[in-house]
Amino acid sequence: MNPSRVTSCAFLLIVGLPAGNTSADTFGPVGGQFTIDFVPISSATNPSSGFGRVYNDYRIGTFEVTNDQWSKFESAYGTVTGSDCSYMFSAYWPGSNVPTTEVCWFETAQFVNWLNTSTGHQPAYNFSGTQGTSDYTMVTWTPAEADNGTNLYRHKDAFYYLPTEDEWVKAAYWNGTSLQMYANASPNDLVGGVPDPTGWNYGNHAMGQPWNVGTGFQELNGTYDMMGNVMEIMESPYVVGNYDTHALRVWRGGAFNQGSYALAERYDDDSESFYGSYNVGFRVASDVPEPSSFGLLALAGSILLKKRRHPQICLYRRLP
């Protein structure tokens, strides 16, 4: 037996994330509600080097944020403005379920902050000034407030956030043993060694614009469109460790009009940090919710049933 495991026949403590368990979180007031679907990403294994090393469980959005979700956010939040970018948001592509585009980094940060504050959580990003006015600007957190004491963009107690490049890469390409070249779930998703263009909207696909999120193939870890549709803004700066709030950000993934879909491809988003672009959107990541009392009771009942059927079976947990 692994010495890091302790047996117990009396109770179950949940550690790690069961693969494939999707969840949906609800936001907004009655009449303007929307949900964001998440898939779990486990900390059990990690690459030994390079991007994709994340040592805590987390969740990542199953889909890119859509026009409908953004519109409902704006209705509840109010004016999305400030001094950091052009703040001239208007979705370039029509349709409720296409990914929202033309958002600058600072607009996505306000979206994520509202996800937190509207559900009773700590804002992820530190803005000063008055929300909804031209003096609203982002500043960094102190090391004492920062995630892991080093990520000065994200507050350590935030629940929702933009994914770092490591979080995004792990969700897209990590198969539990290695980082794949592509995010495909099956070898059959490749045609001639590259992703099937009917499964990912990339590289001047015949559609010529973003499709509704979730239209293509499900990816390795349960997500959609991480290799296509629109490129996605990361929380991370392009130059690792540069925590100037106006540093250029990384974007990852493919887009309907270009083919950056492989593991090795990363780009700075150039002016998109400040002006947005018709082929750049984003998705949200989050911490793992605490299990509810009801969930624990259900698990306890399940354990009792299993023990009655198999009285010799003991459950174990992994210690930190």
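**Group meeting talk: a predicted single-chain model**

The accessible surface of the chain comes to about 14700 Å², and carbon and sulfur atoms hold 53% of that. Accessible areas here come from the Shrake-Rupley method with a 1.4 Å probe, and for residues only the protein chains shown count as cover.

A word on the source. This is a predicted model, in which local features need pLDDT of at least 70 and side-chain atom pairs count only at pLDDT 80 or more, while totals for chains, interfaces and linings use all residues. Residues are numbered from 1 along each chain as its sequence is written, and side-chain values use heavy atoms, with hydrogens and water left out.

The chain has five helices and 17 strands. Both are DSSP runs numbered from the N terminus: helices are H or I with at least four residues, strands are E with at least two. Of the 320 residues, 47% are buried. Buried means under 20% relative accessible area, exposed means over 50%, and partly exposed is in between, with a 1.4 Å probe and protein chains only. Among contacts with a separation of 6 or more, 65% are between residues 24 or more positions apart. Contact means heavy atoms within 4.5 Å.

Now the helices. How many of the nine residues of α3 are buried? Eight are, so this helix, residues 165–173, is mostly covered. The buried ones are E165, E167, W168, V169, K170, A171, A172 and Y173. Their cover includes strands β3 (34–41), β4 (58–61), β8 (151–155), β9 (160–161), β12 (231–237) and β13 (249–252).

Helices α1 (residues 67–77) and α2 (residues 105–117) pack at about 70°, and their axes are 11 Å apart. That makes the two roughly perpendicular, a label for angles of 65 to 115 degrees. The axes are lines fitted to C-alpha atoms over the stretch in contact, and angles run from 0 to 180 degrees between N-to-C directions. From α1 the contact uses Q69, W70, F73, A76 and Y77, and from α2 it uses E107, T108, Q110, F111 and W114. These residues divide into six nonpolar, three polar and one charged. Nonpolar covers Ala, Val, Leu, Ile, Met, Phe, Trp, Tyr, Cys and Pro; charged covers Asp, Glu, Lys and Arg; the others, Gly among them, are polar.

Next, two asparagines. N279 sits in the loop between α4 (272–275) and β15 (280–281). Is N279 buried or exposed? It counts as buried because its relative accessibility is 8%. Its side chain makes a polar contact of 2.8 Å with that of S277. A polar contact is a pair of N or O atoms within 3.5 Å; within protein, one must be able to donate a hydrogen and the other to accept it, and residues adjacent in sequence count only if both atoms are side-chain atoms. Leaving aside neighbours within four places in sequence, N279 is in contact with V230, M231, A255, F256 and N257.

N126 belongs to strand β5 (residues 126–128) and is buried, at 18% relative accessible area. A polar atom of the N126 side chain lies 3.4 Å from the backbone oxygen of T140.

Last, backbone angles. Most residues other than glycine have a negative phi. E102, in the loop between α1 and α2, has a positive phi near 65°. N148 also has a positive phi, near 60°; it lies in the loop between β7 and β8 and is exposed, with a relative accessible area of 67%.

Definitions and conventions. Angles under 35 degrees count as roughly parallel, over 145 as roughly antiparallel, 65 to 115 as roughly perpendicular and the rest as oblique.
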